[in-house]
Amino acid sequence: MRFVIVTGMSGAGHSSVMKILEDDGYFCVDNLPVSLLPTFMQLVKDSTEQIQRVALGLDIRGGHKALSEAADVLAGLKKDGYSLEILFLEASTAVIVKRYKETRRMHPLAKGGRMDNAIERERSFLVELKEQADYIIDTTKLLIRDLKQEIDRIFVEDEKFCNFYLTFVSFGFKYGIPSDADLVFDVRFLPNPFYIEALKPLTGNDAQVYDYVMASDKAQEFLRKLKDMLDFLIPNYIIEGKTQLVIAIGCTGGKHRSVTLTNAIYKEFENTEYGSKKEHRDIEKDRLRNICRSQEK
């Protein structure tokens, strides 16, 4: 039987994860009083219904004292031989504030005060649970579909999980460098498909453009060196406690070369132990600008 405890910061995706697990066939119980955990787990274990997968949600709604108690209760259950997996959901304070404002809801600890202060208080209450966590997912930059992919990898497909997430972003320098980028690479030194009439209207997602850019020895060497650098950096970032890395690759317009290299480096990491995704921030901007200009005329 598989017991999963879902906990973490309010606004970090707790409800979404419970829904995902329920869709995946887990028997889900949310916000169960901590004092009832041992009894509930024993009842499930003894049930004649042969429940194989259970997810329990624990959060600040039960009170901060209950969260402190939860850490001790869970440690005791593990000591008693129960097999528990703790999933801790994390997110930056700024993003949590933004999510609460979008939903027009109040943080459970705010009570008319500043929300950012309430979030930091909650973070301090969750230190012990986070230390016990088997999985930590930072949802700051994750869309729901990315979160579902990670949950399915861990709790459905049983793939090896590493608490580290890679985001590869292509962009155009003329539209500005992504503000959340940790590493920025300029690929404007590569042959530019923009000057090839047949390739100009296409993007790095098209095979013709991809093949044209990657046919360059410089592109192949850049890809090898970038992969080698990331293979060195990622384990060291993990040692220092970093949970995610945003790698931005830029060309002039964010349509051809940067898209191609972003796709290429993403392929190198998509089937590794790290979570990964790719985004092409500016791939459509030139086309949209041309449409606007033609309409103005």
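What share of the contacts in the chain between residues at least 6 apart in sequence join residues at least 24 apart? I looked this up first, taking contact as heavy atoms within 4.5 Å. The share is 78%.

**Ground rules**

I note that this is a predicted model, in which local features need pLDDT of at least 70 and side-chain atom pairs count only at pLDDT 80 or more, while totals for chains, interfaces and linings use all residues. Residues are numbered from 1 along each chain as its sequence is written, and side-chain values use heavy atoms, with hydrogens and water left out.

**Whole chain**

I find 11 helices and nine strands in the chain. Helices (H or I, at least four residues) and strands (E, at least two) are DSSP runs, numbered from the N terminus. The C-alpha trace spans about 70 × 40 × 35 Å along its principal axes. I then looked up burial, where buried means under 20% relative accessible area, exposed over 50%, and partly exposed in between (1.4 Å probe, protein chains only). Of the 297 residues in the chain, 48% are buried. The accessible surface comes to about 15,400 Å², and carbon and sulfur atoms hold 50% of that surface. Accessible areas come from the Shrake-Rupley method with a 1.4 Å probe; for residues, only the protein chains shown count as cover.

I looked up Leu 89 in strand S4 (residues 84-90). Leu 89 counts as buried because its relative accessible area is 0%. Its C-alpha atom is separated by 7.7 Å from that of Val 6, 83 residues apart along the chain. Leaving aside neighbours within four places in sequence, Leu 89 has contacts that include Val 6, Thr 7, Gly 8, Met 9, Ile 137 and Thr 139.

Thr 139 has 2% relative accessibility and so counts as buried. Not counting residues up to four places away in sequence, Thr 139 touches Ala 12, Leu 89, Glu 90, Ala 91, Arg 99 and Leu 147. Ala 12 is also in contact with Leu 89.

**Strand S9**

Ser 276 is buried, at 4% relative accessibility. Neighbours within four places aside, Ser 276 is in contact with Tyr 165, Leu 166, Phe 168, Tyr 266, Phe 269 and Glu 270.

The second residue, Lys 277, forms a salt bridge with Asp 146, with the closest N and O atoms 3.3 Å apart. This pair links distant parts of the chain, as Lys 277 is in strand S9 and Asp 146 is in helix H7, 131 residues apart. A salt bridge here is a side-chain nitrogen of Lys or Arg within 4 Å of a carboxyl oxygen of Asp or Glu. Is Lys 277 buried or exposed? Lys 277 is buried, at 5% relative accessibility, and Asp 146 is buried with a relative accessible area of 5%.

**Other salt bridges**

I find 18 salt bridges in the structure. One of them joins Glu 221 and Lys 225 (3.8 Å, N to O). Both residues lie in helix H9 (residues 217-239), four residues apart, about one turn of the helix. Glu 221 is partly exposed at 38%, whereas Lys 225 is exposed at 52%.

Arg 281 pairs with Asp 282, the closest N and O atoms being 2.9 Å apart. Arg 281 is partly exposed at 31% relative accessibility, and Asp 282 is buried at 1%. I also note a network in which salt bridges with shared partners join Glu 90, Glu 120, Arg 123 and Lys 130.

**Backbone check**

Most residues other than glycine have a negative phi, so I looked for exceptions. Asn 31 has a positive phi of about 60° and is not a glycine. Asn 31 lies in the loop between strand S2 (27-30) and helix H2 (37-46), and is partly exposed at 30% relative accessibility. Arg 104 also has a positive phi of about 60° without being a glycine. Arg 104 is in the loop between helix H4 (93-103) and helix H5 (115-125), and is exposed at 79%.
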